[in-house]
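Dear colleague,

I am passing on to you the structure we spoke about, together with some notes on what was found in it. Please look through the sequence and the model first, and then read on.

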Amino acid sequence: MIIKEAFMKNFGKFHNERIEFQQGINIVYGGNESGKTTLYTFLQGVFFGIRRKRGLASRTDTYSKCLPWENPSWYEGSVLFQAGEKDFRLERNFEKNAREAELYCVTDGEKMSVQEGDLEMLLGGATQRIYENTAAVGQLKSRTKEGLTAELREYLANFQTEGDFRMDLEGAGQLLREKRKEWEKAEREASESKEKALEKLRDRIQYTREEIQNLEERLERLGDGAIRQKERKIADEEAREGLSFGIAAACLFFLLAGGAAVLFFKVSWMILFLILIAEGVLLMGYLGSRRGTDREQRKEEEKTASEEARKKGQRLSYEENLQDKRNQLFNLQEELEELENDNDQILKAEEEARSIALAEKMLEKAAGNLQSRKGNFLKDRVWEILDELTGHKYQGGIIDENFQIRLDTGDKYVELHQISQGTVEQVYFALRMAAGELLCREEELPVLLDETFAMYDDERLMAALKWLYGNRKQVILFTCTNREIQMLEKLKLPWHLVSI
């Protein structure tokens, strides 16, 4: 990408200010308070917007600092830039309630859509965060050596842990973790549901067994009652037959005794007659009693028959119910066996959870390999750039797991606190440039440098300018001195001056 023109219609101190840039190195030269940092902020803000903070912080944030001096509500501008072989114009109104930025393809005369990602595509997917941490380098001259060293370590730690901002590996891992937890939850719920169903079936089986036992006991009691009733009937019949036989025998005995007395002892026939009358009365009484007994017996037999019919019906009902309960018990036992062996839902959830866990491990491994490759690329490229910047003084080094950096002097490794602040800034610059190459491969963005080389000596400055000219399509360097111009002239490198 090449920025061709910046038009600050109303931004900070600038009003209808049009500034042109060229490919290669552009020197934006101006004294203090001339608006260099304002232009630097505009070039970033027009592509990515300027967020306004809330509360007290809004009084001193970037949005407020760059408010137009005149007509603050009229807060806008545009840039003309080249991407690929075409020219584009991006217009942005910075007012907080304004519409989204508008993008036009000047070459084709076509309006494009920022909302649908056309600008993001032209920027190669780079976000403001990527740009601010790679190609856009602010002022470092106010930093202490210790502060710069700490920031460098923090920068590297953030890069290593976050990697390529366009590849959301952590998001993918989080999605997999959520899916795994869902299947693990489904597995637990399926297991709990199965256990509850098994417990319910076991309770029903136990209850059915108790019902069967109860019915069997009732049938047994019905059988015992029928036997006892039959035994009582037989005993009553035997008692009646014994009484009849006893009465008949007694009558016969007295009749024979009376006859013998009349024949042998010459007793009056009257005795025999009286005996006969007594026996007749006895027999008539017995027969009357027998008829009454027979009537009672018939009633009892009718009652017994009715009771037996009732009990028979009850027995049949019990037997049918018992058979139904036994069939129900058989079916419940089969259902229990099937349920005990039915683990399809649980096994499916287990398999899904295992598969996702495996995918997590593979993603983690792939992410580690990718991170390792990116980390290796970053480290190798940092040392290559630093080698050029330092005139081959530092050709390599170590970046350990704690993000501590040690430089290889050829004789030994030295930590950053052991070297000069100028060299630390060179490491910082090399790291940002290498990260930019890694994260902005699809579209190289213009390098913005706001007083970045204020702490560089002439040798370091010449090395940095030479490297930028040979490795970047466009550099916009903001400075309040003419050192950069003198070094470019000395190196005989072409450059474009922008005076503000």
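**Charged pairs**

A salt bridge joins the side chains of arginine 18 and glutamate 5, at 2.8 Å from N to O. Because arginine 18 belongs to strand E2 (residues 14-20) and glutamate 5 to strand E1 (residues 2-11), this pair ties together parts that are 13 residues apart in sequence. Please bear in mind, here and throughout, that the model is a predicted one.

By the rule used here, the count of salt bridges comes to 16. Another of them is formed by the side chains of arginine 202 and glutamate 195, at 3.7 Å from N to O; arginine 202 is partly exposed at 37% relative accessibility, and glutamate 195 is likewise partly exposed, with a relative accessible area of 42%. The side chains of arginine 406 and glutamate 415 also meet in a salt bridge, at 3.4 Å from N to O. Here arginine 406 has a relative accessible area of 26% and is partly exposed, and glutamate 415 counts as partly exposed at 26% relative accessibility.

**Charge patches on the surface**

A patch of positive charge on the surface is made by Arg291, Arg295, Arg298 and Lys299. Of these residues, arginine 298 lies in helix H7, which runs over residues 269-341, and at 45% relative accessibility arginine 298 counts as partly exposed.

There is also a patch of negative charge on the surface, where Glu334, Glu335, Glu337, Glu338, Asp342 and Asp344 gather. Which helix gives the most to the negative patch? It is H7, with 4 residues. Glutamate 334 has its place in helix H7, and at 36% relative accessibility glutamate 334 counts as partly exposed.

Helix H1 (residues 36-48) has 13 residues, which at 1.5 Å a residue should span 18 Å, and since its end C-alpha atoms are 19 Å apart, the two values agree. Is H1 mostly covered or mostly open? It is mostly covered, for 12 of its 13 residues are buried. Among the buried residues of H1 are Lys36, Thr38, Leu39, Tyr40, Phe42, Leu43, Phe47 and Phe48. Glycine 49 follows H1, and the phi of this glycine is positive, near 85°.

Helix H10 (residues 458-471) can be examined in the same way: its 14 residues should span 20 Å at 1.5 Å a residue, and its end C-alpha atoms are 20 Å apart, which agrees. The buried residues of H10 include Arg460, Leu461, Met462 and Leu465, together with Trp467 and Leu468.

Isoleucine 27 lies in strand E3 (residues 24-29), and with a relative accessible area of 0% isoleucine 27 is buried. How many residues apart along the chain are isoleucine 27 and valine 498? They are 471 residues apart, while their C-alpha atoms are separated by 5.9 Å.

Asparagine 16 is not a glycine, although its phi is positive, at about 55°. Asparagine 16 lies in strand E2, and at 42% relative accessibility asparagine 16 counts as partly exposed.

Lysine 492, although not a glycine, has a positive phi of about 60°. Where is lysine 492 found? Lysine 492 sits in the loop between helix H11 (483-491) and strand E14 (495-499), and with a relative accessible area of 75% lysine 492 is exposed.

With best regards

How values were computed: Residues are numbered from 1 along each chain as its sequence is written. This is a predicted model: local features need pLDDT of at least 70, side-chain atom pairs count only at pLDDT 80 or more; totals for chains, interfaces and linings use all residues. Side-chain values use heavy atoms; hydrogens and water are left out. Patches are made of residues with over 30% relative accessible area and no salt bridge: like charges are joined within 9 Å, nonpolar side chains (Val, Leu, Ile, Met, Phe, Trp, Tyr) within 5 Å. Accessible areas come from the Shrake-Rupley method with a 1.4 Å probe; for residues, only the protein chains shown count as cover. A salt bridge is a side-chain nitrogen of Lys or Arg within 4 Å of a carboxyl oxygen of Asp or Glu. Lys and Arg count as positive and Asp and Glu as negative; His and the chain ends are not counted. The place of a charge is taken as NZ of Lys, CZ of Arg, CG of Asp or CD of Glu. Helices (H or I, at least four residues) and strands (E, at least two) are DSSP runs, numbered from the N terminus. Buried means under 20% relative accessible area, exposed over 50%, partly exposed in between (1.4 Å probe, protein chains only). The expected span of a helix is 1.5 Å times one less than its number of residues.
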